[in-house]
Amino acid sequence: MATKLVGRNYTTPDLKAKVTGRAKYAEDFRVDGMLFAKLLLSQRPHARVTRIDMDDALAMPGVKAILTEQDLPAVVEGANLGEGIIASTLSERGLTNEPMYVGEPILAVAAVDELTATEAIEKIHIEYEALPFVTDPLESLRPGSPNARTQGNVWVRPAATPPQPGQPPAPPPQPKVQEWKWTDADFAAAGPDKLPLGKTPDEWTYGDVDAAMANADLVLDETFVGANTSHQPLETRSAMAYWLNGKLYMHCSTQSTMRTIGAVARWVGVEPKDVVIISEYTGGGFGSKGSGAVFYVIPALLSKKANAPVMMRVTRDDEQFIGRARPAFHSRIKAGFRKDGKLLALDGLVIVDNGPYDPVSDSRSGGDHISLANQPEAMRWRMLTVLTNTPPRGAQRAPGGMQGNGLMSPLLAKAARTLGIDEVQIHRINAPEGRASFGPPNAQGRRPFATSAFVKQAIDKGAELFKWEERKARSGRREGTTVRGVGMALSTYSAGSLGFDGLVIIKPDGRLQIQSGIGNLGTESVFDCHRVAAEILDIPWEKVDIVFGNTSKHVPNTCGQGGSQTTHAMTRAAHAAGMAAKQNLQKLAAHVLGGKPESYDVANERVFQKGGGRGMSLADAAKKAIELGGAFDGHELPKTISAFTRTSATNLAGLGLMGVARDEYGREGSSKSYVAGFAEVEVDVETGAYRVLDYLAVADVGTVIHPRNLAAQVNGGVMLGLGHAIGQHWVYDKHYGAPVTRRFYQTKPPTLLDAPRLQAVALDIPDPQTPVGARGVGEAPVGAGFGAVVNAIAAAVGDNVFRRAPVTADVILEALEAGRPMKDALTANI
Amino acid sequence: MATIHDVMPMFALYQPESVADALRLLDRFGTSAWTMAGGMDTFDWLKDRTKRTEAVVELSNIAELQGIRQTGGGLEIGAMTTLTRVETHPLVKERFRLLSEAAGLVASPQIRHQGTLGGNITQDARCWYYRSGWPCYRAGGNICYADTPTAINREHAILNADRCVAVSPSDTAPALIALDATMVIRSASGERTVPARDYFIGPGVDITRLTVIRPGELLTAIRIPDVWAGADFYFEKVRDRQAWDFPLVNVASAIRLAGNTIQSARIVVGAVAATPLRLDRVEAFIAGKPRTAQTAEAAGRMAIEGAMALAHNGYKIPLMRNLVMRAIRGTAPATT
């Protein structure tokens, strides 16, 4: 492929609006007669609402409506709601009469302004019946301990029924909540500092773990506890809704534009065709706004009830509760190494702190990405997803992968030190290569594999650029009261889906109009991906217009902007649409000018006979396409595109020469991206305080589409992981089931002032299983951001200092004083 | 009544242009007046709707509360002078680097541009239970939630606790005590001056306040005498992150040397008790001794005598010991 656009830096079309403040986020919209909504949040960790007295609130001038759980669409257990979603009475609905965490919304008030709505909430009297609660997952596994829900405390997926001969396999059974307790003997066997190894409802295995462990020269048995970390995007999940001609117009903050339609339709109880999503700019999501947020049902139904537009501005305090968080892993890993560092066997157990609602998939993802990054020859992975009365968890940038790769980093570093091997070498000897296998075998007994892995090149390049050997020489050497340490880590994550559609039109003025259903969530993939179509058509970027941010503007079937899918999926779709437009131009030229389509080429804004000869401008070709109609201008459409795209393309037919196509390029393997990270820290041994001085990340993410943006994604992911290492956390008082950390100075996410010197590099080796060569990059860096930093701390002050994250000054100082880790090993949220 | 946070309630806003007008307002509204300096503490309380007020007396229009002036015997800093100004002012940097450094380590650049010196030393406790609106002793109740068997109290007191275990959150307060500063307090009935160390009060004196400021009173200025100008100074703050964050522990020292012998010293530690603690015994112990690692170590050990850890703040004892040691040893901190 030519590279006039792909692989080059450019200024995205939204930049000026963002830096001047002209960009309109959900809460910037105003419409006539708009009301404001405020939420009443539960003060109880688990209770049943027995009575709500709203009379005083409703009597206030300016109060227009109050929405409660009774106003939400009824749940029909087991109903198929589309997009793979099965209705469940256990699912979160946005408002509830049985709050299951402090901060869960119980009702919402719409009033003429926010102050009136707020004062109305203060006039509402609620009576509760207290129910048992628990905020610590391990506590909930103790015999006789409370369960987070009346149904139980653990998500369990019943065994699938084996398929009948000749019949397609039945859909997997829906997970259920049931009571699940470990025994006193389990806890006694573990002692005070190790995670007990009780029974688990879910596990997978490959290879002979026991035999491989028996052959190991070194066996480590490590307990590690991570932190629950809120997403805290700068834009909270605000939304404004109104109804017009039977359609719901939803201005909201979401990662995905097209992929938010179905979710909002499900929550509100309307057909997807009656939902319009407007989201031109989103101030970050990090996984928490994959397809918006369930709470968007509130302005939608309040608007219907009050018969007026309703704006719900979610405050920072609300967001701390309803804004999702990454679940902590409480893990115990037994790992057997050969003396050269090769990981022979891994036997892991993880408890995932799920919160009270729908199960997150972090436990499975954690095991998959450990097995991919570290390639153990045999592995067993046991999982429990435990419910707690704490805010609901959700996917957070590298869900499961971050925690899995993160907990392995200190373990590999410890093995390296114990065996006398270099830390880079132990990562390298265990790194995936080529079509590396990962995870458990499928029903046919085959293990899935990656499309490619050039991880060893990434590690080598990183070690060279970071001057690993030079820095290592001074690592651990004390100068005055400080000691430096270097660490490295490897992380990997899913990086692409396929099968979506692209839709472009060459207009009669010669400009290329590209329809984008991608959300503008800050990653810039909403623009970057489409440069592939412009590249194929050789149209200068100045002549490209991208239509985005509004589903009424006829966008194609698009993947969700989660799971690092987009760059892979939508560069393929852009490639397909660009190629479709090119072929359409060739056919049109042959039809008008004679000859065969393949004798024509497209370049320099013209379609022309190869080797010189007749041709026409793209502007003239567009005019001719409208004249000729049919497949040229979208009046006839390919059968392979989705019904959604068909509707959009039909609405745009006749505006120019259309290129519309589905990505049918196929793929062997799963697309995965990889990041090798290198960090240097300086620790003051008299205070325990430290700074991360330098960080280098080398990304194996396929072809680079937009270098500057790629570096921003890698550095941003590294900073998220670094925050997990240095301080971000929750604190709960488990006696009251209530959080005491609610503000940024308490939850302590990192800021720019905590950033080290950051450097991001990409290998730029194309992925062989996609025509553009590009994979996603959003998630792969996070685990390495965490791992390299904690490993650098261990290199500076020793392995025997921390056994949980974050690793803060008090953890280091107390351990150095005592000569062993002192911070409570197992308790959640301290 | 249901609770809701993060919406500023209604109040009457007064923006007097003179101290006399401000004092008249404070006198008029009495206990229902709320004095606001930079707003960095005020907005938290009011937006959370945990504390309410009828009238906010906002001081930014009062020119006489601004600025740094040279006086006969030292410097006078208007209470409304921003922390950035305190940090960067040439006279402060030249003579009282201790205060300049302390001001520069408060919170974040944005907060230092808005926050004031008077506000920084007068701000309320940051105990997370108290701040979350729990009805504790400090809030007028009869329990300390931070000192129960299940309480999480990593950031709380190791010394001088009396029912309440909240700590003084200020970074500039230890520096001002070490500099023998004086607080100028005015009210409708006149002016009084209070030595910096007496400005701060523990729960034994009044469990609902951190300072001596009473309703109707206004901190107008901080006077710093020349007595410690140009001394050997040391300030260090240990915190979790480099942005908006309060000290886990901080330390300020001023030392006068004759050769290598300590003539006199001030050592003050913050965030270990409800008030910043001036360590008189340690000061007396090191006076006349050589400034050596041995002196510093012995002083550090002496500093923590009587310290009692809660369940989650045991680290504060060695941290305080080491910070006192460093403050005497005097080597610049490598990491903050």
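Trainee: What distance separates the centres of domain 1 of chain A and domain 2 of chain A, taken over C-alpha atoms?

Mentor: Good place to start! Keep in mind that this is a predicted model. The two centres are 35 Å apart, taken over C-alpha atoms.

Trainee: Which residues make up the domains of chain A?

Mentor: The domain assignment puts 17–132 + 232–322 in domain 1, 325–439 + 449–496 + 669–818 in domain 2 and 499–662 in domain 3.

Trainee: How many residues of domain 1 of chain A are in contact with domain 2 of chain A?

Mentor: On the domain 1 side there are 17 residues, in contact with 18 residues of domain 2 of chain A. The touching side of domain 1 divides into 7 nonpolar, 8 polar and 2 charged residues.

Trainee: Now to chain B. How should I read its sheet?

Mentor: As a general idea, strands of a sheet pair through backbone hydrogen bonds, either parallel or antiparallel. In chain B, 3 strands form an open sheet with parallel pairing, in the order 1-3-2. Strand 1 (12–14) and strand 2 (33–36) of chain B are the edge strands, each pairing on one side only. On average, neighbouring strands of this sheet are turned by 25° against each other, direction ignored.

Trainee: Over how many bridges do strand 2 and strand 3 of chain B pair?

Mentor: Over 4 bridges, in the parallel sense, with strand 3 covering residues 55–58. For one residue pair to look at, Met36(B) has Glu58(B) in strand 3 as its bridge partner.

Trainee: And which confidence values come with the model?

Mentor: Chain B averages a pLDDT of 96, and 99% of its residues score at least 70. For the complex, the predictor gives an ipTM of 0.97 and a pTM of 0.97.

Key:
Residues are numbered from 1 along each chain as its sequence is written. Chains are lettered from A and ligands numbered from 1 in the order in which they are written. This is a predicted model: local features need pLDDT of at least 70, side-chain atom pairs count only at pLDDT 80 or more; totals for chains, interfaces and linings use all residues. Domain bounds come from an automatic or database domain assignment. Two residues are in contact if their C-beta atoms, placed from the backbone, lie within 7 Å. Ala, Val, Leu, Ile, Met, Phe, Trp, Tyr, Cys and Pro count as nonpolar, Asp, Glu, Lys and Arg as charged, and the others, Gly among them, as polar. pLDDT is the predictor's confidence in each residue, from 0 to 100. Two strands pair if DSSP finds at least two bridges between them. Helices (H or I, at least four residues) and strands (E, at least two) are DSSP runs, numbered from the N terminus. Axes are lines fitted to C-alpha atoms, for helices over the stretch in contact, and angles run from 0 to 180 degrees between N-to-C directions.
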